[in-house]
Amino acid sequence: MRRLIVNADDFGFTAGVNRAIVEAHIRGIVTSSTLMANGRAFDDAVRLAKTVPLLSVGCHVVLIDGEPVLGADKLTSLSSTRSSCFRDGLKSFATRALAGRLDADEIEAEVGAQIRKLTSAGVSVSHVDTHKHTHLFPAVLRPLLSAARAGGVRALRNPFGPRKPIKSGELVTRPNLWTRYAEMRILGTLAAKFHEAAVREGMVTPDGTLGIVVTGALDEKLFRAIAAVIPDGTWEFVCHPGYNDDDLKSANTRLRESRETELRLLTMPEVKQLLFDEEIQLISYRDLVSQVQ
């Protein structure tokens, strides 16, 4: 049996992203989404979430790029001294995480505050993940797990993919994906620590994640190449649908035109038929948690 959670990240980022996520759920294959507590369109996302009760909504924890919920003055290891925002850039964040320069108490407090903002708005938080997958670092994972458990959240994205995340032939023809693929292979050395920590804290996770390598480049051919090699078990496919409107053009993101491409893909009848033909069952994070109760 192969099961697939299709999770749309960045709910709450802009109104156009919100609208696209709901459309991809109603007309397409999106089963789950994660909401940014500090997103500029947070209130709009909460309103829309209430109109789609079958959409499993989690918390998209943000620790880089954006403003913290608690305030920068309370998060000195995470925030810039020159502004009210988190430090920008995954590479510098990774360096600090691996060097032990992030304060675990600050991370736990901020993650808890973001989860509480969602629950206070009436969102039943089904799972957590992180912006740019920062919880693959043990320095982030440990306090995040503590905050999630305290907030009553039982499920977590497993950011590590299968050994073969895409058909080899398709990867060879896409040199723009080679660097990301190599980075994920190197970071895969942290997978064992992730599994140990998740099990220790009693968290439910999929077997791994698909789609990270192709973020920003996804098209129908790449999706078919991924679907063809999904292993047995329960996997998560990460996507970023949206509308490239004026709000998105003014936002801090590299994903612009690609969001509309993903929206078209996620709502194509041919894609839903492909999953049916491959005997891949669509489930949500809510379904995943209920299966282990």
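**Values against definitions**

Student: What makes D65 count as buried?
Tutor: The relative accessibility of D65 is 13%. Buried means under 20% relative accessible area, exposed means over 50%, and partly exposed lies in between, with a 1.4 Å probe and protein chains only. D65 therefore falls in the buried class.

Student: On what kind of model do these values rest?
Tutor: This is a predicted model, in which local features need pLDDT of at least 70 and side-chain atom pairs count only at pLDDT 80 or more, whereas totals for chains, interfaces and linings use all residues. Residues are numbered from 1 along each chain as its sequence is written, and side-chain values use heavy atoms, with hydrogens and water left out.

Student: What is noted about the phi of D65?
Tutor: D65 has a positive phi of about 60°, although it is not a glycine. D10 also has a positive phi, near 75°, and is likewise a residue other than glycine. D10 is found in strand β1 and counts as buried at 4% relative accessibility. Helices (H or I, at least four residues) and strands (E, at least two) are DSSP runs, numbered from the N terminus.

Student: Is K132 buried or exposed, or does it lie in between?
Tutor: K132 has a relative accessibility of 36% and therefore counts as partly exposed.

Student: Which residues are linked in a network of salt bridges?
Tutor: The network joins D9, D129, R157 and E236, and the structure holds twelve salt bridges. The side chains of D9 and R157 meet at 2.7 Å, N to O. That pair links distant parts of the chain, 148 residues apart, with D9 in strand β1 (residues 2-11) and R157 in the loop between α5 (138-150) and α6 (168-172). R157 also meets D129 in a salt bridge, at 3.0 Å from N to O. R157 lies in the loop between α5 and α6 and D129 in strand β4, so this pair ties together parts that are 28 residues apart in sequence.

Student: Why are D9, R157 and D129 called buried?
Tutor: D9 has 2% relative accessibility and so counts as buried. R157 is buried because its relative accessible area is 0%, and D129 is buried with a relative accessible area of 0%.

Student: How do you know that β1 and β2 pair?
Tutor: Two strands pair if DSSP finds at least two bridges between them. β1 and β2 have three bridges, in the parallel sense, so they qualify as a pair. Here N7 stands opposite S32 in β2. β2 and β3 also run parallel, joined by four bridges, and L35 stands opposite C59 in β3.

Student: Which way do the residues of strand β2 point?
Tutor: In β2 (residues 32-35), S32 and T34 point one way and S33 and L35 the other, and all are buried.

Student: What lines the largest pocket?
Tutor: The lining has 46 residues, of which D65, L90, H131, K132 and R254 lie nearest the centre. A pocket is an open set of points on a 1 Å grid over the protein atoms alone, where a 1.4 Å probe fits, with protein on both sides within 12 Å along at least five of seven lines; lining residues have an atom within 4 Å of a point. α7 gives the most to this lining, with six residues.

Methods
A salt bridge is a side-chain nitrogen of Lys or Arg within 4 Å of a carboxyl oxygen of Asp or Glu.
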